[in-house]
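Me: I have a structure here that I'd like to talk through with you. Can we take it piece by piece?

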Amino acid sequence: MAQFTGADNEREAWCSLNVSLICGALLSALFLLAVGGFPEQILGLCSDDGRIVQADTAYFQIVAFAYLPMALSTVLSAWLRCKDHAAIPFLASLGAVAANTGLNSLLIFGKLGFVWIANSICGCWVCWCKARI
């Protein structure tokens, strides 16, 4: 995208954006299908401990739904940076970090009365997904 934008070739820049969006969506969908069908096997590549694999399976399946929006936002952020609008992706990333930090404080550490969900995998995936989307 940056090459075509720098060369003022708008047609090819748009084609590059389309290809990037399609590839990101396809890879996200492929990963979602793999995680939906074989979560234990995929997690088994990272850990031999059955308790860890069992605990992380639900988290892994839920977090996989955030990969499509994340892929699309990554491609669109790159597009905006190529078009000299780097402040927009920067501010969006800064907001995501602030949201993740705040949600971690509430939902993982149980601040402000959110003790019912503190220290749980559920709190962790909620924070992660909300901050990414």
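Me: What should I keep in mind before we start?

Reply: This is a predicted model, in which local features need pLDDT of at least 70 and side-chain atom pairs count only at pLDDT 80 or more, while totals for chains, interfaces and linings use all residues. Residues are numbered from 1 along each chain as its sequence is written, and side-chain values use heavy atoms, with hydrogens and water left out.

Me: OK, how far apart are the end C-alpha atoms of α4?

Reply: They are 20 Å apart, which agrees with the 20 Å that the 14 residues of helix α4 (residues 50–63) should span at 1.5 Å a residue. The expected span is 1.5 Å times one less than the number of residues, and helices here are DSSP runs (H or I, at least four residues) numbered from the N terminus.

Me: And where does α4 bend?

Reply: At Asp56, by about 40 degrees, where the bend is the angle between axes fitted to the seven residues ending there and the seven starting there.

Me: Which residues of α4 are buried?

Reply: Val53, Thr57, Phe60 and Val63 are buried in α4, where buried means under 20% relative accessible area, exposed over 50%, and partly exposed in between (1.4 Å probe, protein chains only).

Me: What lies 3.2 Å from a polar atom of the Ser47 side chain?

Reply: That is the backbone nitrogen of Asp49. At the start of α4, a side-chain oxygen of Asp49 in turn reaches to within 3.1 Å of the backbone nitrogen of Arg51.

Me: Now the cores: which residues form the largest nonpolar one?

Reply: It has six residues, Met1, Ala13, Leu17, Val75, Trp79 and Cys82, a nonpolar core being a set of buried Ala, Val, Leu, Ile, Met, Phe, Trp, Tyr and Cys residues joined through side-chain atoms within 4.5 Å. The elements giving two or more residues to this core are α2 (10–37) and α5 (67–82), and the largest share, three residues, comes from α5.

Me: What does Trp79 touch?

Reply: Trp79 touches Met1, Ala13, Trp14 and Leu17, again not counting residues up to four places away in sequence. Apart from this core lies another, of five residues, among them Val35, Leu43, Val53 and Phe60.

How values were computed
A polar contact is a pair of N or O atoms within 3.5 Å; within protein, one must be able to donate a hydrogen and the other to accept it, and residues adjacent in sequence count only if both atoms are side-chain atoms. Contact means heavy atoms within 4.5 Å.
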